[in-house]
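Here's a quick briefing to read alongside the picture. Take a look at the structure, then work through the points topic by topic.

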Amino acid sequence: MTGKVTDEMLMAFVDGETDETTRAAIERALAADAALAARAKLFHGSRTLLREAFGDARREEVPPALIEAVLGRRDNVVPLRSRIRARFALPLAASLLLVVGGAGYLAGRTGAGNDDPLGRAAIAEALSATRSGEERSISLAGESARFETLATYRVEGGICRSFDIGGARASLTGIGCDRGTGWTVELTVERSGGNAYAPASDAALQSVDAYLDALGVSDPLTADEEAGIQGRE
Amino acid sequence: MADFGYDIVALLPRLRGLARTLTRSRDAADDLVQAACEKALRHRESWTPGTRLDAWLFRIMRNHWVDTMRRSRPDMPIDDGGAEMALPTEDGRRVVEARLALAEVRRVADSLPDEQRAVLLLVCVEDLTYREAAEMLDVPIGTVMSRLARARVALVAAMEGDVPARAGGERS
């Protein structure tokens, strides 16, 4: 290669956007020119800085209002807030409830009082205490329900677990995560009413799958991998 | 079709990140995401299945941003001129690397012209390729590269100017 290595060429090299020929030529130029190498490092460093300064959006919880705005458009879904209150009074068979939880729901609350109608605190506690495939009994809205952790996934900054809850009046499936600050319920989807052993509806499973996809998870952890993570905590 | 809403919900974390490449506040970004999602749901038939839903939604967000929200803001200078940037010094680079003054990075990035800031964040934070960023912003790939290079040089240069030398003690 003859001529000057421009900023754009250098940047494309650092970003892995150059073809083989250009890459080799720039590598030779960098080896021969310390100032150029220092400038390449600047381009690399700027990406790192920006990622740290701005890269938190995907780790944050999505505001419930946004979810509501999207799903609220569906004819068969009524606004989220009223659904939470009316949850146990609704004819549930064909209904689908999607709630993305806020950590605020969990703070300082245990059990299933009126402030926590979905029993987020109880679910969070169960998530922390079970591994994939393990069941326990939890109290939801004053009633006993069967809780099972289905699978555990590694995500950026922590781990997430999919879970299933079968109660006398309704069944839920969902996702909870511990991203370094304790377990929070991030997604719950009502999958059927009244039968703890009913198969999860397609829509409920798809919601969970879509959420896992959005988190960028791959396969669930094996029991050994999960034990390894648990052991380090 | 019933799944469309869930597909969008699954993309919300990503869309919020993408929206922040356009806006300078989180609230404005969420407003933008919401407006775009509502528009997308009204016009869902214009999305071609098999193409990237996030890219489609980003284009809706961007158009909406240009059409409405940005109108209420003072004009930002559009800098596509060829002003030559001074070379940041080796000493400054070490300071930048040693001190991850992240709030300062955000302030500097937010002070860039819209066009530079968007491409900067799309590539460096949202990990889009140059080509993807060009398609999303509807500009030639060469424009993406020139804006991106200029923005990154400006970022590092501004960080140096603002970060006190180590021995210099507290920032005022």
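At 46% relative accessibility, Arg107(B) counts as partly exposed, in a predicted model. The labels go like this: buried means under 20% relative accessible area, exposed means over 50%, and partly exposed is in between, using a 1.4 Å probe and protein chains only. Arg107(B) pairs up with Glu104(B) in a salt bridge, with the closest N and O atoms 3.1 Å apart. A salt bridge here is a side-chain nitrogen of Lys or Arg within 4 Å of a carboxyl oxygen of Asp or Glu.

**Ground rules**

- Since this is a predicted model, local features need pLDDT of at least 70 and side-chain atom pairs count only at pLDDT 80 or more, while totals for chains, interfaces and linings use all residues; side-chain values use heavy atoms, with hydrogens and water left out.
- Residues are numbered from 1 along each chain as its sequence is written, and chains are lettered from A and ligands numbered from 1 in the order in which they are written.

**Salt bridges inside chain B**

- Glu104(B), the partner of Arg107(B), is buried at 9% relative accessibility.
- Both residues sit in helix H5 of chain B, 3 residues apart, or about one turn of the helix. (Helices are DSSP runs of H or I with at least four residues, strands are E runs of at least two, and both are numbered from the N terminus.)
- Arg52(B) and Asp54(B) also meet through their side chains, in a salt bridge of 2.8 Å, N to O.
- Arg52(B) is partly exposed, at 38% relative accessible area, whereas Asp54(B) is buried, at 9%.

**A salt bridge across the chains**

- Over all chains, the structure holds 18 salt bridges, and 3 salt bridges are counted between chain B and chain A.
- Arg51(A) forms one with Asp127(B), with 3.2 Å between the closest N and O atoms.
- Why does this pair join two chains? Arg51(A) lies in helix H3 (residues 34-54) of chain A, and Asp127(B) lies in the loop between H6 and helix H7 (130-137) of chain B, so the pair links them.
- Arg51(A) is partly exposed, with a relative accessible area of 37%, and Asp127(B) is partly exposed at 42%.

**Where the two chains touch**

- The contact (heavy atoms within 4.5 Å) takes 50 residues from chain B and 44 residues from chain A.
- About 4,500 Å² is buried between the chains, and carbon and sulfur atoms give 66% of that. Buried area is the accessible area (1.4 Å probe) that two parts lose on being put together, summed over both.
- There are 10 residue pairs in polar contact between chain B and chain A, both residues at pLDDT 80 or more. A polar contact is a pair of N or O atoms within 3.5 Å; within protein, one must be able to donate a hydrogen and the other to accept it, and residues adjacent in sequence count only if both atoms are side-chain atoms.
- Several helices of chain B each supply at least two residues to the side that touches chain A, including H1 (4-20), H2 (26-42) and H8 (141-162).
- H1(B) gives the most to that side, with 11 residues.

**Chain A as a whole**

- Chain A has 9 helices and 6 strands.
- Buried residues make up 48% of its 233 residues.
- Among contacts in chain A between residues at least 6 apart in sequence, 43% join residues at least 24 apart.
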